[in-house]
Amino acid sequence: ANPSLLILPGDGIGPEVMTEVRKVIDWFGTRGMTFDVSEALVGGAAYDAHGTPLTDETMEMAQNVDAVLLGAVGGPKYDNLDFSVKPERGLLRLRKEMDLYANLRPAQCFDALADFSSLKKNVVAGLDIMIIRELTSGVYFGEPRGIFTEGNERVGINTQRYTESEIARVARSAFELARKRDNRVCSMEKANVMESGVLWREVVQRIHDDEYPDVELSHMYADAGAMQLTRWPKQFDVIVTDNLFGDMLSDLAAMLTGSLGMLPSASLGLPMANGRPKALYEPVHGSAPDIAGTGKANPIACILSFAMALRYSFDAGAEADRVDAAVEKVLADGLRTADLLGEEGVEPVTTSQMGEAIVAALAAS
Ligand code: NAI
Ligand code: MG
């Protein structure tokens, strides 16, 4: 059977960038790699058609495909809707019901864009690292939480809480991923001052020793990790960390490389019967209502999200490398969507021109 893919274009520039991804998918189809693609509405588009940002039918489809690819949801038209039917509730439902506990944020620097980074060019050129953030537990969810009164003042409380199984499953995601990359994992916590960090380190080490001894594992305190990420990020391959540290470290790492229009992401859950993890791939950016309908959207973040699906859901690392190389090629040729313009005198290309150039580069590769 062909691998199956559910496409949820969503709102704003979501459908615009997804149109370009379809061209890439169709190109792979002409080369013998065919996906069973289905498409459905999510977010505001689903609300307009069905009165809900995600129908039960679409949820069911998402649970039964090999990977979901989502554009973006939301927009000013929906800002005043009741919270229960807001576009982002569609996305939240997908993440929750698919139990997507591992959030993958790559920081990948294309040489042609190295000048875009706020860091020195040699520090980021060729950078390709992956941060895995635990997404469904930790201090954002632990109980007790709340603002309580203690004596004559109030106290705000959150609880950092991780069970062994929560740590073990995200550690496995990291080791599985590392095997498809450079085979190295660095785990970050603060075992020096936090009990959850002590347990985190112990469980990650045990999963490594028992199940993934072939992967190189190191541990680092998360504050030192932040320092090392800006000093010499190329020392890392896969970084795995908790929800709070991952929130900060993944934002930091993402900006090592430049524009929002370039950043893909993925969220993974438990392996399904066929061994593939439940997976949702999406660009980091939103629906960009300020440029929707103008042809200015950069489709690369969404195309790279599909490349991540090739690599991490479909065991097609060589094909993912080809997409990456095609993106590198068009950037090296000087093609820029409006968000990537720095130099004077460069005429930006449109969303579809960028997509078509990437397909042409694929065909020539
Ligand atoms: P945004 O990411 O949509 O846009 C921020 C800025 O970056 C805008 O100036 C936009 O034009 C630009 N930008 C974003 N993606 C781009 C691309 N591919 N090419 C060129 N320029 C791009 O974030 P914003 O403006 O805060 O939110 C807009 C809407 O998107 C809101 O309704 C928000 O709730 C929603 N949103 C949805 C997300 C999702 O679906 N995962 C994530 C973030 C925001
Ligand atoms: Mg954040």
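I count a residue as buried if 20 or more other C-beta atoms lie within 10 Å of its own, as exposed if 12 or fewer do, and as partly exposed in between, with C-beta atoms placed from the backbone.

**Basis.** I am working from a predicted model, in which local features need pLDDT of at least 70, side-chain atom pairs count only at pLDDT 80 or more, and totals for chains, interfaces and linings use all residues. Residues are numbered from 1 along each chain as its sequence is written, while chains are lettered from A and ligands numbered from 1 in the order in which they are written. I looked up the confidence: pLDDT is the predictor's confidence in each residue, from 0 to 100. The chain has a mean pLDDT of 95, and 99% of its residues reach 70 or more. For the complex, the predictor gives an ipTM of 0.97 and a pTM of 0.93.

**Strand S4.** I take helices (H or I, at least four residues) and strands (E, at least two) as DSSP runs, numbered from the N terminus. How many residues of strand S4 are buried? In S4 (residues 102-108), 7 of 7 residues are buried. I checked both faces and found each covered: Ala-102, Leu-104, Pro-106 and Gln-108 lie on one side, with Asn-103, Arg-105 and Ala-107 on the other.

I call two strands paired if DSSP finds at least two bridges between them. S4 pairs with strand S5 (residues 128-134) in the antiparallel sense over 7 bridges, and Asn-103 stands opposite Arg-133 in S5. S4 also runs antiparallel to S11, to which 3 bridges join it; here Ala-102 faces Leu-268 of S11.

**The sheet.** I then traced the open sheet, whose 10 strands come in the order S2-S1-S3-S12-S11-S4-S5-S10-S8-S9 with mixed pairing. Strand S2 (36-39) and strand S9 (216-221) are at the edges with a single partner strand each, so one side of each has no neighbour in the sheet. From one strand to the next, the twist averages 20°.

Strand S11 (residues 264-271) and strand S12 (residues 277-283) run antiparallel and are joined by 6 bridges. Ser-265 stands opposite Glu-282 in S12. Helix H7 (residues 195-211) packs on the sheet, touching strand S8 (184-189) and S9, and its direction makes about 160° with that of S8. I count two residues as in contact if their C-beta atoms, placed from the backbone, lie within 7 Å.

**Helix H7.** I checked the length: at 1.5 Å a residue, taken over one less than the number of residues, the 17 residues of H7 should span 24 Å, and its end C-alpha atoms are 24 Å apart, which agrees. Which residues of H7 are buried? I found Ser-196, Gly-197, Trp-200, Val-203, Val-204, Ile-207 and His-208. They cover an arc of only 135° around the axis, which puts them on the same side of H7; the arc is that of the directions from the helix axis to the C-beta atoms. These buried residues pack against helix H6 (164-179), S8 and S9. The face turned away from them carries the exposed residues Glu-195, Asp-209 and Asp-210.

Glu-202 is in helix H7 and counts as partly exposed, with 13 C-beta neighbours inside 10 Å. Is Glu-150 buried or exposed? Glu-150, in strand S6 (residues 142-150), is exposed, with 8 other C-beta atoms within 10 Å.

How values were computed
Axes fitted to C-alpha atoms, helices over the stretch in contact; angles between N-to-C directions.
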